[in-house]
Amino acid sequence: MLIARLCCVFFGTTVCLGLPSTYVKSNSNSKRSTELFQTTEQAFLQKMGMKTRPNPKKGWKDRVPQFILDLYHNHINDPEWISTNFKHKGKWTSANTIRAFQHEGDHLATTVSQLSPNRWNLFFDLSSVPDVETLTAAELRLTFSTVKNASRNAIATTKQHRVKVYQVLLPGTAGQPGLTRLIETRLTSANETDNFDIRPTVQHWSQNPGENFGLEVHLDTTGESPVVHLNNNGNAAAEKKPLLVTFSHDGTQHVYRRRKRRSAGKTKVKNDRNFCQRHPLYVNFVEVGWNDWIMAPPGYSAFYCSGECPFPIADHLNTTNHAIVQTLMNSVNADDVPPACCVPTTLDPISMLYLNEHGKVVLKNYQDMVVDGCGCR
């Protein structure tokens with residue numbers, strides 16, 4: 001029964017979550033059960049926009065930027081609203097998908113990456129962003145730190161420096177500097193994170209992937225030696241590394257409504273008969289072996305609908321006029337007309353933080369995941 005119930009709630013379609021590992025091992029026809037699990041798993045991945053199952057590297061969850069974690073927790077803990085779009089900086093965005101891209105290293109010729117002190121070349125691989133999504137915002141997050149053992153650390157921490165972010169339009173060659181375009185400039189201090197709006201640049205890269213030559217970051221300081229640096233090496237903490245964050249929408253219908261106030265643990269209607277109502281169902285991602293690529297949540301309460309739609313249908317069964325007529329005809333001719341069915345009438349979204357098949361961190365809201373109300377249809 002677990003599989004049938006899951007088929008009713010995932011993405012509003014008959015997509016099954018899969019078989020528990022204990023079932024697969026104990027079933028006499030284990031090969032067929034394994035094939036069924038793989039088939040339903042593949043269907044679920046396709047619904048999530050992925051072609052194959054992610055193959056995460058060990059420890060990837062420890063490298064998820066704190067910024068993305070904060071966005072996830074702020075969204076799921078919103079006390080008033082249920083929405084498939086995210087909030088950012090206290091305002092609702094028009095994005096239901098957020099992706100994090102960390103600096104991939106110098107992918108260009110060595111002549112490009114051999115920049116003078118306080119100059120850095122950054123590259124972000126955006127090839128995994130689906131063409132069907134609409135980019136609504138993109139920001140570059142940079143954090144500069146004081147150089148260890150620098151004699152002027154105290155001064156560097158408080159002093160502001162001029163940061164300039166350039167788009168590389170044409171990579172340089174030996175003896176010939178590259179062509180760049182200034183995107184934005186501002187003052188910054190060490191150990192502070194600054195956000196740079198680079199949406200036009202990311203939009204250009206999405207439409208012309210062959211022209212993604214990365215970015216150049218310039219830091220203007222006074223004195224002969226630099227006292228601050230960009231945390232673009234592999235040893236830097238995840239929250240301090242250069243981070244490109246994209247906000248996009250996949251075109252699905254937007255859900256936005258106030259949260260209902262429910263009594264804890266009370267999901268059934270109190271009555272003497274098995275009328276149509278919502279029942280508890282918890283989907284455990286650990287049980288189906290998906291916790292290696294899904295960071296949050298570890299599982300969620302999906303619920304399911306079950307129960308009778310008897311004649312005459314009572315008002316509290318949330319019925320439609322068609323269901324009333326169908327139930328009436330069923331009472332007259334049960335052989336030709338089936339009774340109305342107990343089905344989900346309202347479905348809520350959930351937020352999922354996971355690693356996709358390209359090794360990129362994705363925060364996405366998926367609609368039609370949680371049964372909020374049941375009725376006879």
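Modeller: The accessible surface of the protein comes to about 19900 Å², and carbon and sulfur atoms account for 50% of that. Such areas come from the Shrake-Rupley method with a 1.4 Å probe, and for residues only the protein chains shown count as cover. This is a predicted model, in which local features need pLDDT of at least 70 and side-chain atom pairs count only at pLDDT 80 or more, while totals for chains, interfaces and linings use all residues. Residues are numbered from 1 along each chain as its sequence is written, and side-chain values use heavy atoms, with hydrogens and water left out.

The protein has eight helices and 20 strands; these are DSSP runs numbered from the N terminus, helices being H or I with at least four residues and strands E with at least two. Of its 377 residues, 44% count as buried. Buried means under 20% relative accessible area, exposed means over 50%, and partly exposed lies in between, with a 1.4 Å probe and protein chains only. Taking contact as heavy atoms within 4.5 Å, 71% of the contacts between residues at least 6 apart in sequence join residues at least 24 apart.

Now the rings. A pair of aromatic rings is described by the distance of the centres and the angle of the planes. Rings of Phe, Tyr and Trp (its six-membered ring) pair if their centres lie within 6.5 Å; planes under 30 degrees apart are stacked, over 60 edge-to-face, and the rest tilted. The count by this rule is nine aromatic pairs. One of them is Phe44 with Trp290, a stacked pair at 4.6 Å centre to centre and 10° between the planes. Its partners come from distant parts of the chain, 246 residues apart: Phe44 is in helix H3 (residues 30–47), and Trp290 is in the loop between strand S15 (282–284) and strand S16 (294–296). Both Phe44 and Trp290 are buried.

Phe285 and Tyr300 also pair; their centres are 6.1 Å apart and their planes at 40°, so this pair is tilted. Phe285 lies in the loop between S15 and S16 and Tyr300 in strand S17 (residues 299–301), so the pair ties together parts 15 residues apart in sequence. Phe285 has a relative accessible area of 0% and is therefore buried; Tyr300, at 7%, also counts as buried. These residues belong to one aromatic cluster, formed by Phe44, Phe285, Trp290, Trp293, Tyr300, Tyr354 and Tyr366.

Some rings have a charge over them, meaning that NZ of Lys or CZ of Arg is within 6 Å of the ring centre and within 35 degrees of the ring normal. Arg278 lies over the face of Phe303, 3.6 Å from the ring centre. The charged end of Arg186 sits over the ring of Phe196, at 4.8 Å from its centre.

Side chains of opposite charge can pair when their charged atoms come close. The rule for a salt bridge is a side-chain nitrogen of Lys or Arg within 4 Å of a carboxyl oxygen of Asp or Glu, and a search of the whole structure finds twelve. In one of these, Asp220 is joined to Arg119, with the closest N and O atoms 3.8 Å apart. That bridge links strand S10 (residues 215–220), which holds Asp220, to strand S5 (residues 119–122), which holds Arg119, and the two residues are 101 apart. Asp220 has a relative accessible area of 30%, so it counts as partly exposed, and Arg119, at 25%, is also partly exposed. Arg186 forms a salt bridge with Glu184 (2.4 Å, N to O); at 25% relative accessible area, Arg186 is partly exposed. Arg141 and Glu139 meet in a salt bridge at 3.4 Å, N to O, and both are buried. Glu41, Arg53 and Asp292 are linked in a network of salt bridges.

Gly307 is in the loop between strand S18 (304–306) and helix H8 (321–332). The C-alpha atoms of Gly307 and Cys276 are separated by 3.8 Å, although the residues are 31 apart along the chain. Apart from its neighbours within four places in sequence, Gly307 is in contact with Asn274, Phe275, Cys276 and Cys342.
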